[in-house]
Structure formats: structure tokens, C-alpha cells
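Work through the exercises below with the sequence and the structure open beside you. Try each task before reading its solution.

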Amino acid sequence: MATAARKSGSAASKSAKGGTRRTTRNTQSNAPALSKDEELQAYRDMLLIRRFEEKSGQMYGMGLIGGFCHLYIGQEAVVVGMQMASKDGDQVITGYRDHGHMLATGMDPKGVLAELTGRKGGYSKGKGGSMHMFSKEKHFYGGHGIVGAQVPLGTGIAFASKYRGEDSVCLTYFGDGAANQGQVYESFNMAALWKLPVVYVIENNRYAMGTSVSRAAAQTDFSKRGLSFNIPGEQVDGMDIRAVREAGARAIEHARSGEGPFILEMLTYRYRGHSMSDPAKYRTKDEVTRMREEQDPIEQVRRRLLGEWEVPEKDLKEVDSEIRKIVNEAADFATNDPEPDPSELWTDILH
Amino acid sequence: MPIDVLMPALSPTMEQGKLAKWLKKEGDSVKPGDVLAEIETDKATMEVEAVDEGTLAKILIGDDTDNVAVNTPIAIIAEEGEDVAEAAKGGPKAAAPEGGSAQEELAGESSSESASSGGSAPPAAPAVARSTNAYDASDEVPEGTEMVDTTIREALRDAMAEEMRRDEKVFVMGEEVAEYQGAYKVTQNLLQEFGARRVVDTPITEHGFAGLGVGAAFSGLRPVVEFMTFNFAMQAIDQIINSAAKTLYMSGGQLGCPIVFRGPNGAASRVAAQHSHDYAAWYSNVPGLSVVMPYTAADAKGLLKSAIRDPNPVIFLENEVLYGQSFPVPKLDDFTVPIGKARVHRKGDDVTIVSFGIGMTYAIKAAEELAKEGIEAEIIDLRTIRPMDSDTVIASVMKTGRCVAVEEGFPQSGVTAEIATRVMEQAFDYLDAPVARVTGKDVPMPYAANLEKLALPSVAEVVQAAKAVCYK
């Protein structure tokens, strides 16, 4: 994957300074525009996640992927925008809905998909599965299956950066469901107390499995969840990659400069059920259709590329087919790669 | 090439379902994400989405069809530029779909129970060497080494201080470890020598700081996390087991967790059920953890140093009652004791008594009593519970033919139950009597002094058990 736009941390912070602070509930974003190249990169990175996840869903349906499989479709702008705002060396950690984060950090789609199918060439040699993948090289620390557990872990990664005197920031993602776990607040307290370089990205996709935010949360504005620890927070339109990138750059700069943690609540939406076996009866079909038609993060970028950037449609078609090729190759690999050798049963228990 | 749309499974256990309704019709153009059809199982209604772009060339299975097997082609999509009529003729078999081989492989997998490369028998665990490999701990201290009487409290502190001097990545964190100098004074003077960056007072937030420590370890530091008592680690056990112990395996060997969780464990004195639990058996149940429970000050020091250097998570179980007891500790620049090796604490030919941690106090006193009656007990101090040094135990049992296992923890699924099992499995033919166990009683620890005493093992019980297996 090309990483030019992803590594443009300095450019992002520059434009961020020019941006005005705002509340982000309004759909009309006044976040600084992306350049044409950035828009193209964002389109490409988000489309890769979308197509990869659709393929995962299909392969799950074919029985090639087992167990649990949580798709990221609809939420692509969050992780891609945050990666655009981060710089090389910044760490990423998340929960179980993690395929998008892996691809956005530049992990190889073949290795990710082969892990989903439980094959030898998967990132965890087939021993972790959908929710448990890691790449030290890409500073991706998982992939954690216990809701909320990644929050103290990410805080600890930030602690280690500060301990070593490094200037990296740990982007710690969790959902609106995890935001009600006690260990999140234990982490907030320590992160604020010790001014740790961590950005908490709360991906509010409105439903914790089947329970809507309003049925689970006494305070539904998650950006306020750090108030009693003096952690600043903001709500961000998580469907608009420009807004995500801009807010992300500011939050990361805050953490990197030694000011301590920052909370970004990303207002986003998942189109698919919680997992593959979720018929999503807790919401109306209209709600899903409306989000897809009016706020789709990829469609927003596509419209701008075709409109104001005057990119010919055939250029985008080329991107589409390039992405399709990457995903199909990954699917081929993940289907044909052998299962792990039986002897792997007994390896990697202890170093 | 035309693409088959297959009947999807909603879960790994679904084998068939009902094709309820088509939402697209033949000739419609479709793109990824479009809902093609609805399918039903006994549990739910789900939508089949298109993954590919093209034209719905042919519907192979119509509306309202029951019992459609998973992976049956239900429609054909012609890709852009393909002749729709030609594609529709293709039929499910002629049109080799992408991933077609996968379906066949899959069919094979579901029909035969284990068509995977593993075959039907799981591979054996790495061979466990038999009892000829008894460990000789007498080599750990060179002859003529000066021995200095040291309390366990000081030995543990010295171990941490030496490792912190040796490795900048080592730091200590926990409640009251710095300014207060340790709730039990185990971290005394560490703050003065190493400063607040490396001796970190935490809020009372076990789940949080255990997880924070694990994250720091993932990132390459070597945290020593003190729990004021292991009873409080119950708040943190998810991070210890799900995050620290399992991640190396789940990452295919990429992400290790070099961390030590240490603190007092088990009964102290009159602190009742919530502050008296012995967790040796709990943690020893978990692959991915090492569990250490020393008795002497020398072992406490040497094992803690090894634990801090170990690339894996180590549970280091101390005992409040033992903190103040003195033992000779070798005066060496760098004294370590290997994890996973037992020590013969007393030699004898008549009966083997196996114990660890504070359980050793009963074993030692019982051996003295037994000697008065002419029974010479051999005492094995396990020192490490996991991995357990069966070899040293088995070698002793092969010599004595009799075994008593002693622990303060509960009897069911306890560490002594594991010892008894291993002796039965590996030295059955050498046993002259069933293995006997002396454990804490199967009750929450009571507060009243007399009841507490009754709940704990006693020297008399060990003596009695040893005599019973000797038929005396």
C-alpha cells in the first residue's frame, strides 16, 4: 500500500492550525479541505477496507471464515482519517472490530484475510483469528476480544513511550459499548494524572451489539466522558474524513506536546450487524438506508473527486479495479494457503 | 468470467436455510453492497449482499425455496462487458466461480470430520523427559560462598534493586510502592535510589494498572507490578489472563509480555475470607503463565531476578507471614535460581513430602517430628508451580515409594491434586500407598482465631498423613 498521504502528519497539523474549533454535529463540515492527492488516497484506503470487508462477509457465508466476524463497513472514515493525522511510529490498538485498523496501518490484506480463514500465512499463523492480530512492524497492537481491555493496554503503550522519552502517541480505539466499562475510567484517570500521550478514539456507531446508546448510557455524549478527569473531548462527524483528519491532528498534537490524553467521539455508523450472525432487528431498515445514501464516507469523497476535483470517472474505475484485484488476490491466498502445521499447536505458549 | 452467488451461512453451524425473496430480478445491474435477496433460518432473516459488480444474469433458486444448502449457487452475475445471456447459460458448475476450489475443499471438510492437514490425532505435547532428570539445586550456590542472613522482605527488595540497576527497562508500579515504601515495606528505599519515574505509585485501580503494565510490557518495558495482595488481583485477573498470558500465542509468537505480577498471597493472620485466598492453583491452570511461589529468602531473591528477566508473564506469589523470616542468602553479585526447577530441601528415604511456599513450614516441622519416630522424610520444595518440575518429584517418589503433598490452598483442583495426578501417571508402579494430601479446608477462611487455625493445614495432619502412607 502506498503510504504517502498517511505519513503526512506535518501537513495535517499545519492545516489543522488554520481550522476553527467547532462543534461537529452539523453535517456541513467546515474542516479544512483535503488536497486532491489526499482525497484520492483517502478514497483508495477506505475503498480497500470496504471491499475487503465485503469479501470477508462473503467468505464467512461460504464457511471459509469461522467463529466471530465483525465488519467495519460504514466506519471507514474514522480509522483512515486518524491515520492521515498520525505519523510513523504512532501506535494503534483497538477492540474486536479491527480489520479496518489493520489495513489502515498498512498491514498486508493477504495476511489479514489468511488469519480470518485460519491459515498458516495469517498474521498470527492462524492462531488468533479475526479479533487477534498484531504487527509490531506497523505499530499495531491488536485486535483484542475483551470489550474495553484495549483501553488500559493502549494507555500502557503510551506510558512506555513517555518512559522512554519518545514522542509517539498511542491511538486507542473503542466503541460506545466499551465506553461503559470501568477500566476505561481507571485508564482515563491514570492517563490524565501522568499526562500520557494517548488519544482515545470512541467509535460511536450507535449500537453496542443490539443495545442502542440511549438504552445503555446515562451520558450519551461520549466526548464528555473525560470531564471529571479534565480530559478534553470533542464530537466529530466520523462519516466525514476531513473532519476526522482535522480533529485527529489537533488531538494528536495535544497528546504529543505533553498535554496528556484527548478524547475524540467519532459519530459513525455500521451498516452491517454487530457480527455476521446478527439480523439487526433492533433498528429500522430505513435508518440504515438513510445513512448509506446520505452520509456514506466513501461516497462523500467520491462525489468531491468527480465534482470539484474533476477527476474523470474512469480514473476512479481504475482505482476500483485495482482494489478489487488486491482483495481478490488476498482471497485467493487466504483460500489456498495451507492450515498451520499441527506442530504449531504447541508453539508460542512461552518465549 | 461469470460469478456464482452462493447461499451464505449466517453462522458456522448453519447448514441450510430458506431463500425467502429476491429483491433484484434477472437483468438488473448490481454493485457491491446491494441487497440481492433475503434468506431465513429458524433464528433470523438476513440479507444477501452483492460483493461483485455486474448484471444479475440468472436466478438459479427462486423465491420461497426451503432447505437450500449452504454454498449452493443461487444466482449468476455477469461481470461488466460480459454477455449476459451467455453467462446465464453457464450454470453453476460450468461457470467456475472465483474461489471455486474453496467450495470443493469446503465440502470435503464438512463431510469428513477432519480433512484438515492435521489428520485425526492431535500431535503429542513436547516430550516430557522421565524421572531420570531430577534437578540438583546444590549447584546453584558455589561451594564456599559466604551466606548472609536476610529476611524475605529484604531479599525481594534486593532482587528488584539489582535488576533495576542492570536494566533501565525494569520499573516497579503498584499501590504505595514509592512514597509509603511499600504496604509491607518490600519496596523500601527503591524510590530513593531510582526515583519516581521508575518506582510508580498508582491509584487504587488494580484492573487499570495491571492492564497498563501489560501494555507497557507489549511495548518492550519490563514492569514489576505489585499487588498489595493477590486478593485484589481478582479485579485485574482479566488483564493477567486474557491479555498477558494469551497474547503471545494469539499473535503467533510476535507479541510477548515480559511482566512480573508479585505480592503477598494466601492466608496472613486473622484477615478473613476476602484477604486470605491462595491463588496458586488458579494461575497454575493457565498456559502462557509461569507461577512461582518460593519459600526461602535465597529462592525468593534468585527466582524474582529470573522472573524479571523472563520474557513471559510470571506470577510471583509471596506470603505476608514469611516476609519477616530470615534465611541464609548467598553473597554473590548475580545470584539467580531457574524458574521451573524444584529443590530437595531435606533428604530422606522413607516418604516424599512435596510442598511449596508457606506449605513448606508444615512439611519441615513434620519431618522433624517424623525423624523422632524413625521415619526419614525427603522434602521437595517445588518453588515453581508452573511449569512444575515433575522429574524431581518423581525421582524422589521412585526412591521412597510414598508421597504426601501439602498446600494451604483449597483441596478441589488444587496444586496437590495436580501433584497426586502426576505421581499416579508417572510413578504408579513405584507407589506403595496412595498419594496423601494435606490442604486448607474446603471453607472460606474464618476470622475467629480458633476457626482460622482449624481451616489451615497443621503439622499434626502432615505427620499423620506421612505415617498413614508408611502404614505406621
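**Exercise 1.** In this predicted model, what kind of contact do the side chains of Lys317(A) and Glu80(B) make?

*Solution.* Begin with the two atoms, a nitrogen and an oxygen, which lie 3.8 Å apart. Then compare this distance with the cut-off for a salt bridge, which is within 4 Å. The side chains of Lys317(A) and Glu80(B) therefore meet in a salt bridge.

**Exercise 2.** Find which element gives the largest share of the side of chain B that touches chain A.

*Solution.* First list the elements of chain B that give two or more residues to this side, among them strand S5 (45–49), helix H3 (100–111), helix H6 (206–218) and helix H8 (247–250). Then pick out H6(B), which supplies the largest share with 10 residues. Sorted by class, the side of chain B that touches chain A has 36 nonpolar, 30 polar and 16 charged residues.

**Exercise 3.** Describe how much area chain B and chain A bury between them.

*Solution.* Start with the contacts, in which 82 residues of chain B meet 65 residues of chain A. Next take the area, since the size of an interface is often given as the accessible area lost when the parts come together. For chain B and chain A this is about 5,900 Å², with 58% of it on carbon and sulfur atoms. Of the area that chain B buries against chain A, Leu212(B), Tyr249(B) and Met250(B) supply 12%, more than any other three residues.

Technical notes:
Residues are numbered from 1 along each chain as its sequence is written. Chains are lettered from A and ligands numbered from 1 in the order in which they are written. This is a predicted model: local features need pLDDT of at least 70, side-chain atom pairs count only at pLDDT 80 or more; totals for chains, interfaces and linings use all residues. Side-chain values use heavy atoms; hydrogens and water are left out. Contact means heavy atoms within 4.5 Å. Buried area is the accessible area (1.4 Å probe) that two parts lose on being put together, summed over both. Helices (H or I, at least four residues) and strands (E, at least two) are DSSP runs, numbered from the N terminus. Ala, Val, Leu, Ile, Met, Phe, Trp, Tyr, Cys and Pro count as nonpolar, Asp, Glu, Lys and Arg as charged, and the others, Gly among them, as polar.
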